[in-house]
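Here are my notes for you, as promised, in the order I would read them. Have the structure open while you go through the points.

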Amino acid sequence: MNRNQVLELSAQLSGRAVLPGDDDYDSARTGWNLSVEHHPAVVVAAEEPADVVAAVLFAVEADLPIAVEATGHGASVPADGAVYINPGGLNELMIDARSRTARIGAGLRWGQVVQAAAEHGLAPLCGSSAHVGVMGYLTGGGLPVLGRTFGFAAETVRSLDLVTADGQLRTVSPSSEADLYWAVRGARSNFGVVVAAEIDLLPILRLYGGHFSFDGQHAEQVLRTYVDWAHQQPEEMTSSIILVRFPDIPQMADDVRGRFLVNVRIAYVGAPADGERLVAPLRALRPEQDHVRDMPYTEISEIYRDPFRPTPARVRTALLHDLDDKAVDDLIAVAGPEHELPFGGIELRHLGGALSRKPARPSAVGAREAQFHLFMSMPAPIASNSLDMVHRTQEKVLASLHPWDTGSQLPGLMFNHETHPEDVRRGYPEADYRRLVQLKTTYDPRNLFRLNHNIPPW
Ligand SMILES: Cc1cc2nc3c(=O)[nH]c(=O)nc-3n(C[C@H](O)[C@H](O)[C@H](O)COP(=O)(O)OP(=O)(O)OC[C@H]3O[C@@H](n4cnc5c(N)ncnc54)[C@H](O)[C@@H]3O)c2cc1C
């Protein structure tokens, strides 16, 4: 890559090309998850689909790999020496109330779409955090807060506008380049940069949801009751439980500082009175805090209250078979109140329901047999003392739940610890993985899009 090539690229962009040494290089290369540090050759802050096309053609010409990152919530491998495309400036958003659809640019985050759709009495199938990027989530499959009721968010995708490794801008849908339409919904950035998506919206304005908070001393009783209770719930109820430790530092709010809490998260689509009846066995455990209520969909991110400030998150996940009493015993034996564990959470999210069914719009998201998703996020700065403790804790929890581990992963919930090709394979059923490799060989034979959870060509 030489200076003239970069000047030529800059001249073509509505957005900016940011180079090492530029004042905004550090902010341009830094996303939410600070545990992955990128040192790209150039950052392209795109504002138009044409900027993405120019950036891809530039990478082809300069023979550089391409990384795609919007918010950094799903950071995978360092984008060192790469053309790092950030589609953050692609902020188109159109809601069509008559067809109940939204057309969304790749720079948007779910909170923005939720707010805009609500003005029309509609809602997208978002995940737990308002700050997660729309395309990173959709291309990973998208496990919604209302997952058991409506299935994966990738199934709401009608079409995607995608810039592939040959620099072409394509619209993929069930009737146009159906193979790519199937692959991109699950294979993240392996097939190109999505610049816009058209998705279905649902007529949901309110839900019965929130969280119950219990003192960690009661972890075993709450976890046992929760697992039993979850088994009896209708598909309209999606829930999760988290064992969470907060450090004793002044930055923490008084009600959580230095505490071990167990929170149960509730999202019920139905009459509030029915929701109230369903959660009665959890309320009977007398939570210390009860934030479960009839709420507008616009407050859905209050259910999980995910951290929105950048953090050096160390995330490990697993897809689990159905849990039983022995699983509760084994988890409590390594993560119960008598253990000093690092800051962060161990979450079990209830799956099943619509997530287990064959989708109307098949995608590369497989692994539909799992009944719970394990998600552990624990912050630890690079090269800090706490890093080792976090690794050991996460390994212990994974080992304790190993008998229930399906061995599969959800592609959108793999993070920087799972970037080895063998880990990536676990994101897809064997036949789907082979089909993805075949398509990758057709659409990106040089593997330009390799700085991700990579599916290499033959
Ligand atoms: C706090 C938190 C809460 C979460 N909650 C949920 C949840 O409830 N449900 C769920 O399913 N997931 C959840 N996730 C996972 C999240 O959906 C993925 O990490 C997702 O990839 C993040 O997308 P992003 O664009 O915000 O992140 P980024 O780090 O910007 O992108 C992650 C990856 O997505 C791909 N990508 C991003 N933009 C594009 C694009 N325009 N075109 C092609 N590929 C692209 C790239 O491969 C990129 O490396 C959560 C993650 C965090 C950190």
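This is a predicted model: local features need pLDDT of at least 70, side-chain atom pairs count only at pLDDT 80 or more; totals for chains, interfaces and linings use all residues.

1. Start with the overall layout. Residues are numbered from 1 along each chain as its sequence is written.

2. Next, look at how domain 2 meets domain 3. Domain 2 puts 37 residues into the contact and domain 3 puts in 36 residues, where two residues are in contact if their C-beta atoms, placed from the backbone, lie within 7 Å. On the domain 2 side, the elements giving two or more residues are α4 (110–118), α6 (147–150), α7 (178–187) and α13 (430–443). The most comes from α7, with 5 residues. Helices (H or I, at least four residues) and strands (E, at least two) are DSSP runs, numbered from the N terminus.

3. What is that side of domain 2 made of, by class? There are 19 nonpolar, 13 polar and 5 charged residues on the side that touches domain 3. For these classes, Ala, Val, Leu, Ile, Met, Phe, Trp, Tyr, Cys and Pro count as nonpolar, Asp, Glu, Lys and Arg as charged, and the others, Gly among them, as polar.

4. Now the ligand. It is surrounded by 32 residues, and the closest are G74, G127, G133, G136 and S189; a residue is near a molecule if its C-beta atom, placed from the backbone, lies within 6 Å of it. The largest share, 4 residues, belongs to α5. Sorted by class, the shell around the ligand holds 12 nonpolar, 17 polar and 3 charged residues.

5. Turn to strand β4 (residues 83–86), which has partners to trace. Strand β2 (residues 42–45) runs parallel to β4 and is joined to it by 4 bridges, and A45 sits opposite N86. Strand β3 (residues 66–68) also pairs with β4 in the parallel sense, over 3 bridges, with A67 and Y84 as bridge partners. Two strands pair if DSSP finds at least two bridges between them.

6. The side chains of β4 are worth a look too. V83 and I85 point one way, Y84 and N86 point the other way, and all are buried. Buried here means that 20 or more other C-beta atoms lie within 10 Å of a residue's own, exposed means 12 or fewer, and partly exposed is in between, with C-beta atoms placed from the backbone.

7. Which residues does A55 touch, leaving aside its neighbours within four places in sequence? They are V44, A46, V83 and I85. A55 belongs to helix α3 (residues 49–62) and is buried, because 30 other C-beta atoms lie within 10 Å. L13 is 42 residues from A55 in sequence, yet 8.7 Å away in space, C-alpha to C-alpha.

8. Helix α10 (residues 325–335) has two sides to compare. A327, V328, L331 and A335 are buried. Seen down the axis of α10, these buried residues fall within an arc of 100°, so they line one face of the helix; the arc is that of the directions from the helix axis to the C-beta atoms. D325 and K326, on the other side, are exposed. The cover over the buried residues includes α8 (219–231), β11 (237–245), β16 (344–350) and α11 (385–400).

9. Last, check a hairpin and its backbone. Strands β5 (residues 93–96) and β6 (residues 101–105) pair in the antiparallel sense over 4 bridges, and D96 stands opposite T101. The hairpin has 4 residues between its strands, and R100 takes a positive phi near 55° there. R100 counts as partly exposed because it has 17 C-beta neighbours inside 10 Å.

10. One more positive phi to note: N447, a residue other than glycine, has a phi near 55°. N447 lies in the segment after α13.
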